[in-house]
Amino acid sequence: MRKLIPPMVAALALAALTVPSPASAHPGPRPAAYRLDCDGQAPGSSCTVVASGKSRPNHVQEFVATVRTGEQVWARDTIYTREGQARTRPFPLPAGNVTVDVSVTSMPEKKAGTPLRLMAWNLYVGGTINGQEKTGQNLAQLIEYLNEVNPDILFVVEAYGSGEKILDGLNAGRAEDDRYTAARLTQPEDYSVNGDNLWIYTKLDIQQVYPRYADEDISSFNLGGARLGLPNGKHVHAFSMWTWHELSSNWDGHEAAVQNLYGMPRTKTDQQLAENDNFRRVAMGKSILEKALPSFIGDDDAPVLMGGDLNAWPHLDWTEQFKNARGHAGMVLPWPLTKMFTDAGFTDTFRHANPDAGRHPGRTWSSLSGWRSAPARIDYVFTRGEDVRVLGSRIDDRRLPRHQDSPLDDPYPFYSDHSSVITDVVIRGKGTGPDQPVVHDEPEHAPGVWPEVPAGTRVPPAELSATASTFKPGAGDPARAVDGNLTTDFHSYYPGPPPQPHHITVDLGKVRELSAVRFQPKLRYDMNGTVRRGVVQVSDDGETFRDVKRVEWPMMTAPNDVDLTGVSARYIRLRADYGMGGATALAEIIPYEVAR
């Protein structure tokens, strides 16, 4: 059922909207009755779609709900239920004329399909953090995490010598009917200096591992796969993949976002950024899609499932629709490599399940070295096939709670430098459908290009001075944190900085009635020293300090603001309890006082 909803309609009216579905015995999708529940009437109000259909004994209903304005999709959900009704995940009410499409398909419960959990992950040299973690604890925790996710198919990049250990760890203590098998896809003639790259792990039956494919652009280091048997006698084609990392837009995209946000001259135009993909990756993509896959699959129309690290950004995220999303800085970027996959019929499952790229940026680079300004999503799970239904998808970028007390957590917040991508799908056909809670991505709750300037009047840099407990003379002088120049940084002493906590103190010149203070992380691509945890303190005499707020900040280059309403002081001090790499760095500390 499609219904056009005018903007600013009262929430109660929306909630009361119910359109009955016509009776139909057709097995395909048909319009469904629904109502829209919102907690307010203005754009941004939290809403859900509540849909209902005819419940039938021994049947499963597949509800599909899509929320759009014009051609722009903002929310999408596919839900399987035996109750005859479904409620979507919450989404913010878009501005403008909103269209809601809801359909329902009813099917016998034994023909709902086979559920699969797919997972793609670059392990950063076999779970060793590029050889930096030598105790084996990170790999052990990584395997525990994989067991908790419990994927049916795991696409691995950078196995690099840990493949068999991972297989053994996945199977330790598992029942015979729940065990994994694995295929090392990268063949010895294609090994890099680190060894094997691509693996695939699965609970399904590996019916055939496809032979090595190689041409002038790719080899088994870039693509490999297998035919996997489903429990219902059907099969799928599954592939792990990796494309070239050099001239990735992780650096150039961050730099362009910073330049746009602060009115600096651009180093590269939008078009030049998108052309970065033409350095090897586009040729690799053509070889994968136009040569290798057809050689493996032929005219078989069974579903194709792919996962891996493309080192390329998603064209679906950088459209006109999202140019003002956080970190996009007004840029519209037609990334060619990922568009090739869409044009070849593949679904980017994370973006399909989470169509709002502003609320769900899906950052996968880098959970180790920082998220920077522009969101870099370079890892994917793709699907292709009429029988594939995407139910949900999420990005994981933090250790399990039980691992966050480990000494590894501060220097290595995740088990790799890449986030993992996890997607739940159903392959329609024989089978009882979804049998576990569907994964979902938590919204970032960071709307807009950049945070608004705090309330109050900025204290002029000329009236400020700064001292620090440690600093690099010249290059990292604390005066650089109050000089009004975002391109200069305070940095603790290096190499081998003294252990944290570190302190940097700003003298406001006199006692002031404060409203806020902004801590601007350094804007460089190298985020070493970016403060993660600390305490903001104030003092009247520079000797005795009192705590104002304990802070915990993300690994991003966006400003971090601290409310100082009701605080009067002459000195503001940041005690940095932990900064990335054990160092402390800031571009600016900007105090604001109550406007008079």
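I began with Arg 351 and listed its contacts (heavy atoms within 4.5 Å), leaving aside neighbours within four places in sequence: Arg 76, Leu 316, Asp 317, Asp 356, Ala 357, His 360, Pro 361 and Arg 377. I noted that this is a predicted model, where local features need pLDDT of at least 70, side-chain atom pairs count only at pLDDT 80 or more, and totals for chains, interfaces and linings use all residues. Residues are numbered from 1 along each chain as its sequence is written, and side-chain values use heavy atoms, with hydrogens and water left out.

I placed Arg 351 in helix α9, residues 349-353 (helices are DSSP runs of H or I, at least four residues, numbered from the N terminus). I looked up its accessibility: Arg 351 counts as buried at 5% relative accessibility (buried means under 20% relative accessible area, with a 1.4 Å probe and protein chains only).

Next I looked for disulfides (cysteine sulfur atoms within 2.5 Å) and the count was 1. Cys 38 and Cys 47 form a disulfide with sulfur atoms 2.1 Å apart. I read the torsion about their S-S bond as about 110 degrees, so the disulfide is right-handed. Cys 38 is buried at 14%, and Cys 47 is buried at 1%.

Last, I turned to helices α7 (residues 281-297) and α8 (residues 336-343), whose axes come within 9 Å and cross at roughly 15 degrees (axes are lines fitted to C-alpha atoms over the stretch in contact, with angles from 0 to 180 degrees between N-to-C directions). In α7, Arg 281, Val 282, Gly 285, Lys 286 and Leu 289 meet Pro 336, Leu 337, Met 340 and Phe 341 in α8.

Note on methods: Helices (H or I, at least four residues) and strands (E, at least two) are DSSP runs, numbered from the N terminus. Buried means under 20% relative accessible area, exposed over 50%, partly exposed in between (1.4 Å probe, protein chains only).
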